Amino acid sequence: AITHIVTRKKQTLVAALGVTIGVAIYLFMNSLSSGFSSFSRDNIFQTNAHIKVYKNDEISQPLNNNSNTLSVIVNPQITTLSKTLINPIKLLEQIKSEPYITNAIAQVDFSAFYNRGSTQIKGNGSGVNMLEYATMFNTEKYMMAGSVKDLQGNLNGIIIGSGIAEKLSLGVGDNITVSSSYNVTKVLRIVGIFKMGNSMSDNSKCFVNISTAQQFLTQGNSYVTTLYANTPNPDNTEMYVQKLQKLTDYTVEDWKTTNADVITSDRTRSTMLTAISFSILIVAAFGIYNILSATISQKINDIAILKATGFKGKDVIKIFVAEALIMGMIGTIIGLSMGAILIKIMSGIYIGDPVGYFPIHFEPRLFIRSFVLGLIITLFAGFFPAKKAASVDPVEIFRK
């Protein structure tokens with residue numbers, strides 16, 4: 001096997017190069033897919049918890065009279081008059097007491113209008129206990145100015161997105177007039193500005209104290225619209241949702257259901273990139289297959305002599321499989337090195353907001369998978385020509 005590889009340097013180089021390109025592209029594209037998936041998940045968890053509990057809209061049911069002479073049908077309509085949760089504090093304590101819940105908070109959502117002079121921007125606000133919220137969503141990481149601590153207990157404070165601050169030319173310490181859809185207007189002092197890299201949040205969202213949000217909705221201090229909870233493992237939220245649903249009649253929904261469209265897009269992209277990269281690797285394997293097939297055809301007399309002198313079919317298979325594995329090993333190692341270089345180069349490229357630097361990074365599991373897959377592909381590429389060589393009848397060859 002080594003003799004064939006050394007004496008046929010050109011063919012060895014071509015076969016190894018095919019594996020190199022296949023492995024490098026497979027590693028690069030799967031790292032790219034994983035990087036985009038991680039970026040997408042990070043964006044989801046900027047403002048979404050693993051599980052949320054809220055009051056869903058109720059639909060009125062059609063009424064049918066049992067009389068044979070008259071049927072009364074009422075068109076279904078939304079009958080929900082209020083989004084508030086009944087006794088939310090008790091429910092929040094029950095959720096926090098569950099062993100699979102790592103953190104839980106209450107939130108009040110409201111529609112907001114940001115005003116400065118004749119300029120008005122429509123957005124949405126969230127009333128929260130800011131320190132608890134920041135602990136759950138790591139909000140401090142996205143603060144451009146000010147601190148989340150300055151909002152804690154401050155009924156006249158507000159934290160706004162960078163897009164709002166830019167459009168209204170506002171900074172920390174300035175006042176901003178905020179109105180709600182209930183015609184409640186307040187002049188609040190800006191204590192912080194955040195930038196999440198998500199235009200929908202940066203251009204419209206604000207955070208205020210939960211009591212301030214209740215005042216915007218003309219509600220009392222027991223008014224809560226949503227409860228958020230985090231779990232140790234976000235991938236197992238379906239199981240936790242079933243357990244929490246037993247505690248309440250309200251809708252319990254996990255982050256996968258809320259962001260089903262984003263998750264589907266990620267899976268589609270990942271499947272497509274994996275299929276493309278795997279196809280390229282298969283093409284590289286056919287290169288090895290063709291080279292070994294050509295080698296066997298050219299060395300058919302040598303194979304006949306080997307078998308005539310006592311070599312068995314399995315010994316011939318070992319020779320050519322070993323040859324394929326050596327070429328595959330060379331190509332795979334160089335391919336991993338090339339893939340690592342590509343990942344390093346791409347990870348240092350800044351492509352702008354909201355993505356920032358190219359979302360690709362080193363993942364040991366992908367390197368291991370690429371290495372194993374490269375060897376498996378070359379093993380099969382070498383086995384079938386070797387099996388053909390093992391079936392050679394030396395007598396027929398000598399007669400020719």
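Axes are lines fitted to C-alpha atoms, for helices over the stretch in contact, and angles run from 0 to 180 degrees between N-to-C directions. Helices (H or I, at least four residues) and strands (E, at least two) are DSSP runs, numbered from the N terminus.

**Entry 1: basis.** I note that this is a predicted model, in which local features need pLDDT of at least 70 and side-chain atom pairs count only at pLDDT 80 or more, while totals for chains, interfaces and linings use all residues. Residues are numbered from 1 along each chain as its sequence is written, and side-chain values use heavy atoms, with hydrogens and water left out.

**Entry 2: two helices.** I looked up helix H10 (residues 260-298) and helix H13 (residues 364-390), whose axes come within 9 Å and cross at roughly 30 degrees. H10 and H13 are therefore roughly parallel to each other (angles under 35 degrees count as such). Contact means heavy atoms within 4.5 Å; among the residues making it are Phe278 and Leu281 of H10 and Leu373 and Ile377 of H13.

**Entry 3: strand E7.** I then turned to pairing, for which DSSP must find at least two bridges between two strands. Strand E4 (residues 143-146) pairs with strand E7 (residues 185-194) in the antiparallel sense over three bridges; glycine 146 has glycine 192 of E7 as its bridge partner. Strand E5 (residues 157-161) pairs with E7 in the parallel sense over five bridges, and isoleucine 160 is partnered by isoleucine 193 in E7.

**Entry 4: the hairpin.** Strand E6 (residues 175-180) runs antiparallel to E7, joined by five bridges. I found four residues between E6 and E7 in this hairpin, and asparagine 183 in the turn has a positive phi of about 65 degrees.

Key:
Angles under 35 degrees count as roughly parallel, over 145 as roughly antiparallel, 65 to 115 as roughly perpendicular and the rest as oblique.
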